Amino acid sequence: MSEISVLFVCLGNICRSPTAHAVFQAMVDDRGLAQQVSVDSAGTGDWHLGHAPDRRTSAVASQRGYDMDQLRARLVEAGDFEQFDYIVAMDEENLANLKAMCPADYPGSLGLFLDYSVNPDYADISAVPDPYYGGDHGFTLVLDLVEDASAGLLDHIAAQL
Ligand code: 4NP
């Protein structure tokens with residue numbers, strides 16, 4: 001059984017949180033921690049339930065070797081607060097929605113993903129911007145931010161194992 005479980009959350013669960021899911025899982029695997037750290041993602045909105053990641057998201061991810069083919073969108077649910085040690089929001093709106101669902105006695109960590117960012121170039125960016133209605137650059141920025149914060153989050157978690 002995994003010792004630490006991580007759930008990444010965005011709005012649609014087809015762009016940002018599946019990117020975090022795939023990138024963080026790849027880093028967990030690379031560090032030989034797959035037996036100890038489990039990873040999932042979910043959304044707060046229900047427009048894309050059961051859908052694969054947005055093709056613009058998968059395209060930039062596959063250029064860097066990340067495979068998202070198996071991922072399917074699902075909603076955050078009450079049981080997630082029993083199952084996951086870390087619930088990690090992509091932006092303030094996602095975090096507010098999660099806080100509204102979060103039991104008062106949730107023992108885990110609920111916060112913003114970019115709090116784990118390590119690259120000083122991103123020090124002024126507090127949230128992963130929603131790329132859905134924007135151009136291709138937004139999807140590349142999502143991946144850049146996600147790679148950086150994933151490294152920081154995994155260092156933080158690995159120190160507890
Ligand atoms: P995500 O992006 O929250 O990063 O998955 C979005 C995907 C879909 C929509 C909004 C954001 N939408 O409005 O359908």
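## How helix 2 packs

The buried residues of helix 2 pack against helix 1 (16-30) and helix 5 (136-158), where contact means heavy atoms within 4.5 Å. Helices here are DSSP runs of H or I with at least four residues, numbered from the N terminus. This is a predicted model, in which local features need pLDDT of at least 70 and side-chain atom pairs count only at pLDDT 80 or more, while totals for chains, interfaces and linings use all residues. Residues are numbered from 1 along each chain as its sequence is written, and side-chain values use heavy atoms, with hydrogens and water left out.

Helix 2 itself spans residues 55-63, and T57, V60 and A61 are buried there. Viewed down the helix axis, the buried residues of helix 2 fall within an arc of 100°, so they line one face of the helix; the arc is taken from the directions from the helix axis to the C-beta atoms. The background is simple: an α-helix has 3.6 residues a turn, so residues three or four places apart point the same way. On the other side of helix 2, R55 and Q63 are exposed. For these labels, buried means under 20% relative accessible area, exposed means over 50%, and partly exposed lies in between, with a 1.4 Å probe and protein chains only.

## The two ends of helix 2

At the start of helix 2, a side-chain oxygen of D54 comes to within 2.8 Å of the backbone nitrogen of R56. After helix 2 comes G65, which has a positive phi, near 90°.

## R64 and its partners

R64 sits in the loop between helix 2 and helix 3 (80-83), and with a relative accessible area of 35% R64 is partly exposed. Leaving out residues up to four places away in sequence, R64 touches T140, L143, D144 and E147.

Two of these contacts are polar ones between side chains: R64 meets D144 at 2.7 Å and E147 at 2.8 Å. A polar contact is a pair of N or O atoms within 3.5 Å; within protein, one must be able to donate a hydrogen and the other to accept it, and residues adjacent in sequence count only if both atoms are side-chain atoms.

## S150 in helix 5

S150 belongs to helix 5 and is buried, at a relative accessible area of 0%. Again leaving out residues up to four places away in sequence, S150 touches A20, V23, F24, M27 and F113.

An oxygen atom of the ligand lies 2.9 Å from a polar backbone atom of L11, and an oxygen atom of the ligand is 3.2 Å from a polar backbone atom of N13. On its own the ligand has 350 Å² of accessible area, and the protein covers 95% of that; the areas come from the Shrake-Rupley method with a 1.4 Å probe.

## Cysteines without a bond

How many disulfides does the structure hold? The count is zero, with a disulfide taken as a pair of cysteine sulfur atoms within 2.5 Å. The sulfur of C10 is 6.9 Å from the closest cysteine sulfur, in C15, which is too far for a bond. C10 counts as buried at 2% relative accessibility, and C15 is buried with a relative accessible area of 7%.
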